[in-house]
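Subject: Structure handover

Hi there,

Here is the structure I promised to pass on to you. Have a look at it first, and my notes follow just below.

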Amino acid sequence: MAEAAASGTPATTTTLTNAELFDRGRRVTPGGVNSPVRAFRSVGGTPYFVARGEGSSVWDVEGRRYLDFVQSYGASILGHAHPAVVSAVQAAATQGTTFGAPTEREVLLAEEICRRVGHCDEVRLVNSGTEATMSAVRLARGATGRDRVVVFEGCYHGHSDGLLAGGGSGVATLGLPASVGVTRSAVADTVVVPYNRVPEIGADVAAVIVEPIAANMGLVPPAPGFLEGLRAACDAAGALLIFDEVITGFRVAPGSVAGIFGVVPDLWCFGKVIGGGLPLAAFGGRGEVMEQLAPSGPVYQAGTLSGNPLATAAGLAVLAELTPDVYPALAASAGRFAAGLTEALAAAGLVAQVPVAGPLVGVFFGPEPVTSYAGAKASADTGHYPGLMHGLLDRGVAIAPGAYEILFPSLAHTEADFGRAVEAAGEAATVVAAN
Ligand SMILES: *Cc1c(COP(=O)(O)O)cnc(C)c1O
């Protein structure tokens, strides 16, 4: 370490190419990646291996620079390697990285989350969004004494068995396993219904879990009345409403989007932004529900690395930067960016939609705004996304290698960055439209 520092050579420097690393990776890791979409399967080609990131850019191992709209699928909001986060993590690391005993920053981060999210009295820190949603559903079942959970087609709640349910196709169905290895019984109590339509909620329903702005089937904002309708239906049935805000939380607003829509859920799931780029997520809600959780109550949940000292340091550092004034500014840039993209794609002759919700930006191909998974799938089925994505990548702009992902402008993106991305999108779209 001392030697590397003295020579000024970062430990991660490699002489290997993207293709060589991908080949080697595939020998020791399924598909060469640790999360499937990164393998570029749905868009073709070889993934770029990131050597480093700074602000709005990443550099791959071959030294190519990309203007990055992936931003770790929303985990990064300040841009890469923000100095405040870097120094907070460095300082924390020198004091020890995990103890298995409570630490001050866990209290501070929980206080900060609760301060920002009205009606959220308590949170439990976990390590991933998957853990947050899985545990929130268990808690809801424990608190209500009921089994059934309602999910919406096209929403993503991580990869726990009970929430990996497919089905739907426009009608309410009992869940079918959405992956090999998920048993029928694991999803037997999961009901899948179409997004943006209020379903009937029976007396056997423990919880309805929803992305209040859907951002894992492209970007699909809630229709007027949808979230209000869910709240009313849950209240009438005695079911809990869970907002999965792993993407929207602390990105669209200083805390929850509940304030924007005027609908308060019983439980929230947060992740991505609040970990500052480290593995951290949380679920929380009303005190009397949260107090059902062990050790206060009978619902078991635990984690060796939960509330990790590095992750809480990063989370606190990010939230300290996220003052209320940054949100309107980020939303305004995203709005201008979306307008620019809309114009560029239209000028290129590509029939497309560029939905925007606060700082979130999506791209759909087709003449109509998309309101549900059926529309999102029709857009993906046009087959235009891979061409647009690779056309952008060839021009030094990275968007996610999957048609159901969205773009994540960060606070590090400048007007010049947005302008460059719009220009690249216009050029890439011209090629797509011509094919
Ligand atoms: C990313 C995401 C998750 C899963 O989070 P992981 O940290 O990847 O496990 C859950 N819900 C939503 C809405 C997400 O976007």
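In this predicted model, W59 stands opposite R65 in strand β3. Strand β3 covers residues 65-68, and its partner β2 runs antiparallel to it, with 3 bridges between the two. The two strands make a hairpin with 4 residues between them, and G63 in that turn has a positive phi of about 90°.

β2 also has a partner in strand β1 (residues 50-54), again in the antiparallel sense, this time over 4 bridges. Here G53 is the residue that stands opposite V58 of β2. β1 and β2 form a hairpin as well, with 2 residues between them, and the turn includes G55, whose positive phi is about 60°.

Which way do the residues of β2 point? S57 and W59 go to one side of the strand (residues 57-60), while V58 and D60 go to the other.

Now to the spaces inside the protein. The count comes to 1 cavity of 30 Å³ or more. The largest cavity has a volume of about 90 Å³, and its lining is made up of F69, F337, L341, L345, V363, L388, L392, V397, I399, L407, A421 and A425. Of the elements, α10 gives the most, with 3 residues. What classes of residue line this cavity? There are 12 nonpolar residues, with no polar and no charged ones.

There is a pocket to look at too. The second largest pocket has a volume of about 600 Å³. How many residues line this pocket, and which lie nearest its centre? The lining has 30 residues, and E106, R124, L125, S306 and G307 are the ones nearest the centre. Helix α4 (104-116) and strand β4 (122-126) each supply at least two residues of that lining. By class, the lining of this pocket divides into 15 nonpolar, 10 polar and 5 charged residues.

Happy browsing, and best wishes

How values were computed:
Residues numbered from 1 in each chain as written. Predicted model: local features only at pLDDT ≥ 70, side-chain atom pairs only at ≥ 80, totals over all residues. Heavy atoms only, no water. 1 Å grid on protein atoms, 1.4 Å probe; cavity = no way out; pocket = protein on both sides within 12 Å on 5 of 7 lines; lining within 4 Å. Points joined across faces, edges and corners; volume = space filled by probe spheres on them. Nonpolar A, V, L, I, M, F, W, Y, C, P; charged D, E, K, R; others polar. Buried < 20%, exposed > 50% of the residue type's maximum accessible area, 1.4 Å probe, protein only. Pairing = 2+ DSSP bridges.
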